[in-house]
Amino acid sequence: MRLPFKIANRFLWSNKGQTLLIALGIAIGVAVQIFIGSLITGLQDSLINKTVGNSPQIKITSDDKYFDLDSTSLDEIKSIDTNITSVSYALDIPALISKDSKNNSVLLRGLDLDRADKIYNIKSRIIDGKPFWGDRVNIGKDLAKELNVAVGDKINIRTSDGKLKEFLIEGIYDFKVANLNKSWILINISTLQEFTKQNKISSIEIKTKDIFLADKVADNIKNAIDKNLKVINWKEENEELLSGLKGQSTSSIMIQVFVLIAVVLGIASVLAITVLQKSKQIGILKAMGIKDRQASYIFLFQGLILGILGGILGSALGLGLLYSFSKFAVNPDGTPVVEVSIKYSFIAFSAFVAILSAGAASLIPAIKSSKLNPIEVIKNG
Amino acid sequence: MGNVIELKNINKIYGTIIKNQVLYDVNLSFKEGTFNSIIGASGSGKSTILNIMGTLDKPTSGEVYIDGKRTDLMTKNELAEVRNKKIGFIFQFHYLLPEFTALENVLIPYLIKDGKAPKEVVKRAEELLDLVGLSKVKNNRANNMSGGQQQRTAIARALINNPKIILADEPTGNLDSESTDAIYDIMRDINEKLGTTFIVITHDRRIAERADRIVEINDGKVHMDIVR
């Protein structure tokens, strides 16, 4: 094993240009794989985060629309699963809002600011003014524009059963979703309960650490709480998004597989040529008594060394690409266009696959060299 | 002294459709410790005989014995071992590995056998290079040496595993007369000092006449066999 390795090493280094070229070929393959893989994972992560990251991943509701909140049960729910990071509760009341002659249908969302902030990041979403408190509410950016109101203005809110009250706009938020920005009015839950004479709540909202485990957590909650309550998780509500993401993942895997095939073919063809180039040397070694198996190890080692070299070089190149992408492909405000996710396990995996496929690609030349007959070389000089 | 190589009724036919018989019932044996030369016109079959003795080629029929063991029935791996341990080759075009230095080239047959060369073997390789007068260029790459230096390296390499037999196919065919004389002096010297059996193919009658025995091959048969 020692001698084949030594010879493989020497063969590679005696032709540095060629070796570097193959290693670079593998490296670019690995880099592309790492880049595309990380980019798509990052794209998906940020897409999911944008869709469900700033909203509850699990909701507990009731068929009766409203249900009683037992004050201790929030902490109890939190202790059901370690994956639960925060639990909040809300009272949602549909209402109409009128300003001058305009009427807009809205959803009054009664929330506990501290609890809801952990789910919706309300405080950081306020673009003008302050978060809601007391009689003061927050409205969305788009609604403010439509009604032509600003912080400090007053609006009239009328519930469907005719209760009417004037509220002061304390702040304007931007959830980056026009639909929400147009319809949600955030208000203190006790103020809302007082206003609507409704002491119950309409939902308990839960955020999880790993959003992809939301369905499992939801099952655990379902088993632990009152059977009359419904538990919904985001996966059930976003099946289309999930299947879209799945399609994207599949196409990303396809790209990676084809890159891999190109890399393997490249190594195999170059090594096959090396066998021809080095057939004289192999012939001499065989005349001196090297066994066919050892002779084939020479090319196997060459493949592995090239794979390792290419894998390391490719990982560095891929990381560099990702780094420069997140540094230079940025929005006007300086945040990256796509939050690329650099997962070292994925990079290690890509490099490992490259090494493995380089080894596999060197099998053909290895077999070829083991079949080489020394007499051909000796005779033909 | 016994026979170190024995060929019995060797026939060699190349090709399957158009048959071309190169050797006809060749019987030859060489005694241990002798210095032999094989001469003959090109195409006479002398190289084929040498390749069959060196187990690089197989006879179509007949028996080959190396150091008392029959080799024409051995597997490829067994043959590789015989070549590695018992036979040293010197070819016309010196056939060193150009990627390695002279010293490394000399060590390769040992490394094939053992994987790692201990200090005393490296020392022996240096002594052998000294013997062929190359201690100054031992760390030169093979393609960084003259033809004569490469051929002398090949001789040192052939000797590293202490083989019983050295087979040389026109070892000086490529060299000027001065180098030729030097190479033959070295080979005779080794033959006398180490008792290694030499079988040397040559075109050069002057060289052939310095051997203990001259075998002339003509049209695939032993034409003349002179022992002196």
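**Figure 1. Two domains are assigned in chain A of this predicted model.** The domain assignment of chain A places residues 2-51 together with 241-380 in domain 1, and residues 64-227 in domain 2. Taken over C-alpha atoms, the centres of domain 1 and domain 2 of chain A are separated by 53 Å.

**Figure 2. The largest nonpolar core comprises 117 residues.** Within this core, A:Ile26 and A:Ile267 have the most contacts. Helix 13 of chain A, which spans residues 292-328, gives the most to the core, with eleven residues. When residues up to four places away in sequence are not counted, A:Ile267 touches A:Ile22, A:Ile26, A:Gly303, A:Leu306, A:Ala358, A:Ala361 and A:Ser362. Another core, of 46 residues, lies apart from the largest one. Its members include A:Leu143, A:Ile155, A:Phe167 and A:Val217.

**Figure 3. Six strands of chain B form an open sheet with mixed pairing.** The order of the strands in this sheet is 6-7-8-3-9-10. Strand 6 (87-90) and strand 10 (221-227) of chain B stand at the edges; each has a single partner strand, so one side of each is left without a neighbour in the sheet. From one strand to the next, the twist averages 15 degrees. In general, the strands of a sheet pair through backbone hydrogen bonds, in either a parallel or an antiparallel manner.

**Figure 4. Strand 9 and strand 10 of chain B are joined by six bridges.** Strand 9 of chain B covers residues 213-218 and runs antiparallel to strand 10 of chain B. Across this pair, B:Ile217 stands opposite B:Val222, a residue of strand 10 of chain B.

**Figure 5. Chain B and chain A are in contact through 22 residues of chain B and 18 residues of chain A.** On the side of chain B that touches chain A, the elements giving two or more residues are helix 2 (76-86) and helix 3 (102-114) of chain B. Helix 2 of chain B gives the most to this side, with six residues. By class, the side of chain B that touches chain A has twelve nonpolar, four polar and six charged residues.

Terms used:
Residues numbered from 1 in each chain as written. Chains lettered and ligands numbered in written order. Predicted model: local features only at pLDDT ≥ 70, side-chain atom pairs only at ≥ 80, totals over all residues. Pairing = 2+ DSSP bridges. Helix = DSSP H or I, 4+ residues; strand = E, 2+ residues; numbered from the N terminus. Axes fitted to C-alpha atoms, helices over the stretch in contact; angles between N-to-C directions. Contact = placed C-beta atoms within 7 Å. Nonpolar A, V, L, I, M, F, W, Y, C, P; charged D, E, K, R; others polar. Core = buried A, V, L, I, M, F, W, Y, C linked by C-beta atoms within 7 Å. Buried ≥ 20, exposed ≤ 12 C-beta atoms within 10 Å, placed from the backbone. Domains from an automatic or database assignment.
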